[in-house]
Amino acid sequence: MDVGYRQDPDQRRAREHVQSRWMEVYDPVRHLDPVLVLTALALTVIGLVAIYSAKLVALTSQGLPTSLYVSRQLLALAIGVVVMVVVAVIDYRYARIYAPAVYLLSVLLLGVVLSPVGTAFGGAQRWIVVGGFQLQPSELAKLAVLITVAAILHEAKGQPGLGVVVGALVLTLIPTALVFLQPDFGTSIVFVWTTAVLFLLGGVQARYLVGLAIAGVVAVIVALQTEVIQAYQVSRLTAFLNAGDASAAQTAAFQTRQSLIAVGSGQFAGKGLFEGTQTSLSYVPENHTDFIFTVIAEEFGFLGSSVVLGLLLVLVWRGLRIAILAKDTFGMLVAGGIVAILTLQVFVNVGMTIGIMPVTGLPLPFISYGGTSLIVWFAMIGLLLNIHMRRF
Amino acid sequence: MAIPSAESSSVLRLTFLAVMVITLFVALFARLWFLQVMAGDRYVELADSNRLRTVITEAPRGEILTADGHALVRNRPALTISADRQVLLDAAGDPVDEEAERVIDRLALLLELEVDEVLERLASQRRSPFRPVPIAIDVTPEIVFAVQERRELFPGVVPETLPVREYPHGTLAAHLLGYIGEISQQELLRPEFADYRAGDLVGRSGLEQSYEADLRGVPGQRRLVVNARGDVLDVQSDREPVQGADLVTSLDLDLQLATEQLLEDGILASREIRRDDGQLLPSTAGSAIVLDARTGAVLAMASYPTYDPREFVGGVSQEYFELLADPENERPLVNRAISGLYPPGSVFKTASGAAFVEAGLVTPRSTVECAPAFELGGNTFRNWNRGVNEGMMDLSDALTRSCDTYFYELAFNQWLREENADEPDEVLIRVAEQFGFGVATGIDLPGEASGRVPGRQWRFDYWVANRDNYCRQADLASPGSYARELYSDLCQFGAAWRGGDAVNSSIGQGDVLSTPLQVAASYQAIANDGVLLRPHLGARVVAPDGTVLREIEPEVNGELGVSDQTLRVMQEGLERVVMTDRGTGSSAFRGFPLDEIPVAGKTGTAELRPKVPYAWFAGYAPIDDPEIVVVVNVEQGGGGSQTAAPIVRNIMAHYFGIVLADDAEFEAGEEILD
């Protein structure tokens, strides 16, 4: 008795083949990290609220639409999500292949920024204007340095020799120098830091690390002594040391002082959304970009600050977890490197607003206004997802 | 395939990274906890002081008016260029940046000032940080337009109008009105200036000072919410300025104008007079007072030379102030009527005469010989009318003829009596004080002097204070000289109140000192049946809307304490000074219709060697129902009848509307040096 439809073995094989092929592609998607994505999105939304609040009074008084900055940031978020998906889908191991291209593009763009094509603002030349949007190539360069150095260390198979170290160092210092000339002291520090952490994670021998540390200290001293760093940068770097001293009315200390007042006056629970006087009356300069944290701290207090720092810690936790679970050195290095960049930027940025770090122009990841930064950070989330999905 | 050792090694390295990350985050949390929870209160205060800016708006100062409602001082809006210190200067008082430096340079150029001067005014700590600092007051409209049209060139520079004092009658009553100036740092510390701020204006002299509390008003205050650029976004609380109250004085505009003019004319004219010794009278300065005989209200008061209060508007120049302070210019800022201290001379004889009656040495009608001279311990005290024995005199005659020896004799007798008493009752001091000498009258003007009626205690204190000097002078003088003798006597016996001192005091000489106002007040009491009133200029304080806030009523300072008979005899003597040919003042009143307006008065010629004597005249009119008391003093003006009495005559003529034959001219009286 015919028990039913008898499958043609060929047909069945073909179907199973299709199924397995499909599953193969689909499989990594089942290993998405929703916590990571949701946390990044939550931080971005908090950022949007803070940007809106920071600019509300200023835009109103100028007669401009109050959503001016928020809508631009939303567009960047949309692009960022697309970029995240694209980066997540393409197996990250291909990144080792396209790393040189990304690196060369970044260096090229950094060169363009310094050329007359670049746009200057506030004494620094950091942007290229394309189709009404300002691109900040130094953000992209972070990614480039990260995957390039990670790729080199991966190739060294856990035994990086002196040649590898020197090579990675040279590749780091080229964009570092270009960014430094903008001048963007903060981002050049990020490059050096990224490479340093990657050296640590990639198994570079301790003696090289110590040697590099000493060289770094000497370089900073030489830079300060020979005025390679422009005077305004030095004063900005040292201003935080005497903030709170009423006589220090210099512009640099003013920023730090006003920032401290904003943060401190938020107290435990904050003044409430749109109620921050330091924020709305523009006492804190650049409070939608570098000093965005003051808006959160003033209007939502210690509680709000803790939520933001807590969410950033969640990202760190997921990132470290992904690094540990990564199936190859490259994945581990990229994930660890992202955690390192995130931590450095958070510490330098928030530390600057609360007077424990010098004033440098580093944005707060996901929160600060700035399209390029946001897109690049979603690209990094994409990378983390990618590494996570393909961990088996 | 990862080698297991490499695997565990990378986990170790990641753990190291994790520890580092956690450490950094903990640092952030700790710092945030400190800033927001532990030190949050302080930062809340700082945030509030950031966004709230207090702005003071000046209250227009009250006006000072004559009794008939003419403004003597009022306010006028003055175009002013001010600058915001907080915008242009840093905490150290230097320009905040190059832009501010350029703004200050431009401002100096525009105002034709030195850059340093602009900086100095801007940085002046005497200015409140809560309002723009006036850099130039009373500028031309062109300058204001220049700033307004090019605002971008002058950030932080504010054109504004400030109320400044205006004097419709120029220098009129300058000494009485006084002037205003910025409050000093020392004054700000005093409790009565608790609600003043740096840069506030405060009455510096005259009525501006004594009625400061009424005239000042209440400055307005606004709390502005400002952003970092200083743009005003909201006004949080608002207190409108309350205009100061007006002061209506008892001054009569017409009489004040006339008194000042007649005093000056008289002084200048008297400088043409040649004395018996052939020298011209110096008549360096003088004062005149017209009191309402019934109330003690000041109808007019003049002091010569005077000054221009308009020079004090917006701050007096150093140059003008030095001019005023120079002794060569006879110190025009001094109101001689209340601050000038002179020996009263013969105008004091009313008080000393009353004292000897009070002492019981004489009755008002008992007579004493008016000898040509009085001998005392080898010294001769002559009557002014040298060489003539005028016969027996009662108090009335003694005043009419201003007989010195009448007073010498009684003074010496009284001195003897006091010397023999265990506890001497110094009658002259007591009675003179009842007449208002030696005590400030309490007029509502600052700077009144108290004068002095000396006696034993004063002499002793004075000697104690000066003994060392006397003894040193005695040692320095050549042996056998007069100076040596004098100083060694003073050194040893200077503490003694001697008969000569008592004799001198009795005719208002020696160490007696008095202000013209004290003389006026005592004669006002004689004219007013013995009641001594407190002279005053303020009549009432009126709110800007016209409601009377305060009436200033006449106040009684005391009674002369003499019997009716004594008072009548004194009045009779004073009447005859002017009304009879024997009287020392009669020559000055020739041509004055005394039958219509009978006048009483007393001449005085105060010696202050080696200077030319100081001329006095104190009078009141009409005799039956006195309306006014007039006192004039001319420094180094010679005899009272010669220079002072004619000025009094002219003032009285003006008051009573009498046109004198010699109206335009000053006619001096006889040179009687009583």
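**Reading a two-chain model, step by step**

Chain B and chain A bury about 3700 Å² between them, 78% of it on carbon and sulfur atoms. This is a predicted model, where local features need pLDDT of at least 70, side-chain atom pairs count only at pLDDT 80 or more, and totals for chains, interfaces and linings use all residues. Residues are numbered from 1 along each chain as its sequence is written, chains are lettered from A and ligands numbered from 1 in the order in which they are written, and side-chain values use heavy atoms, with hydrogens and water left out.

Q: How many residues does each chain bring to the contact?

A: Contact means heavy atoms within 4.5 Å. On that rule, chain A brings 50 residues and chain B brings 34 residues.

Q: Which polar links cross the interface of chain B and chain A?

A: Start with salt bridges: a side-chain nitrogen of Lys or Arg within 4 Å of a carboxyl oxygen of Asp or Glu. Between chain B and chain A the count is zero. Next come polar contacts, pairs of N or O atoms within 3.5 Å; within protein, one must be able to donate a hydrogen and the other to accept it, and residues adjacent in sequence count only if both atoms are side-chain atoms. Seven residue pairs are in polar contact across this interface, both at pLDDT 80 or more.

Q: Which elements make up the side of chain B that touches chain A?

A: Helices (H or I, at least four residues) and strands (E, at least two) are DSSP runs, numbered from the N terminus. In chain B, α1 (4–38), α2 (40–51) and β8 (220–226) each supply at least two residues of that side. The most comes from α1(B), with 21 residues. Sorted by kind, the side has 25 nonpolar, five polar and four charged residues. For that sorting, Ala, Val, Leu, Ile, Met, Phe, Trp, Tyr, Cys and Pro count as nonpolar, Asp, Glu, Lys and Arg as charged, and the others, Gly among them, as polar.

Q: How do I read pLDDT, and what does chain A average?

A: pLDDT is the predictor's confidence in each residue, from 0 to 100. Where it is low, the predicted coordinates should not be read in detail. Chain A averages 84, and 86% of the residues score at least 70. Among the elements of chain A, helix α12 (residues 292–325) has the highest mean pLDDT (95) and helix α9 (residues 231–239) the lowest (55). Over residues 240–250 of chain A, pLDDT stays under 50, and the model has 11 contacts beyond four places in sequence for them.

Q: How many disulfides are there over all chains?

A: A disulfide is a pair of cysteine sulfur atoms within 2.5 Å. The count comes to two over all chains. One of them joins B:C370 and B:C403, with sulfur atoms 2.0 Å apart. The torsion about its S-S bond is about 110°, so this disulfide is right-handed. B:C370 sits in strand β13 (residues 368–370) of chain B and B:C403 in the loop between α15 (395–400) and α16 (404–420), 33 residues apart.

Q: Which backbone details are worth a look?

A: Most residues other than glycine have a negative phi, and most peptide bonds are trans. B:R609 and B:P610 are joined by a cis peptide bond, with omega about 10°. B:E112 has a positive phi of about 55°.

Definitions and conventions. Buried area = accessible area lost by both parts, 1.4 Å probe.
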